Amino acid sequence: MIIPFTELAPDTLRNLLEEYATREGTEYGEREIGLDQKVTSLRRQLESGEVVIWFEPGEESVNLVLARELDGL
């Protein structure tokens, strides 16, 4: 299920974005990008609707996914 980012407390959203940005496998290319830049980029993608927060109840996990990947659901 999609969790609207606007319904999260600012600190909760920040923590979620930081946790996601530091996960193994979330590489940002060859040049090093700071955590604040990564969080800002993720927030912009949420605000634009390109990315959504997806909660998987069965797994009790939260991920950021491309909105277009959910079009068929």
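H1 passes H2 in a right-handed crossing, where right-handed means that the near helix is turned clockwise from the far one by less than a right angle, and left-handed means anticlockwise. The model is predicted: local features need pLDDT of at least 70, side-chain atom pairs count only at pLDDT 80 or more, and totals for chains, interfaces and linings use all residues. Residues are numbered from 1 along each chain as its sequence is written, and side-chain values use heavy atoms, without hydrogens and water.

**Helices**

- Helix H1 covers residues 10-21 and helix H2 covers residues 35-48; helices are DSSP runs of H or I with at least four residues, and strands are runs of E with at least two, numbered from the N terminus.
- The axes of H1 and H2 come within 9 Å and cross at roughly 115°; axes are lines fitted to C-alpha atoms, for helices over the stretch in contact, and angles run from 0 to 180 degrees between N-to-C directions.
- H1 and H2 are therefore roughly perpendicular (65 to 115 degrees).
- On the H1 side the contact (heavy atoms within 4.5 Å) includes Leu13, Leu17 and Tyr20, and on the H2 side it includes Val39, Leu42 and Leu46.

**Strands**

- Strands E2 (residues 51-56) and E3 (residues 61-66) run antiparallel and are joined by 6 bridges; two strands pair if DSSP finds at least two bridges between them.
- Val52 has Val65 of E3 as its bridge partner, and Val51 has Leu66 of E3.
- E2 and E3 form a hairpin with 4 residues between them, and Glu60 in the turn has a positive phi of about 50°.
- Strand E1 (residues 2-3) pairs with E2 in the antiparallel sense over 2 bridges, and the bridge partner of Ile2 in E2 is Trp54.

Conventions:
Angles under 35 degrees count as roughly parallel, over 145 as roughly antiparallel, 65 to 115 as roughly perpendicular and the rest as oblique.
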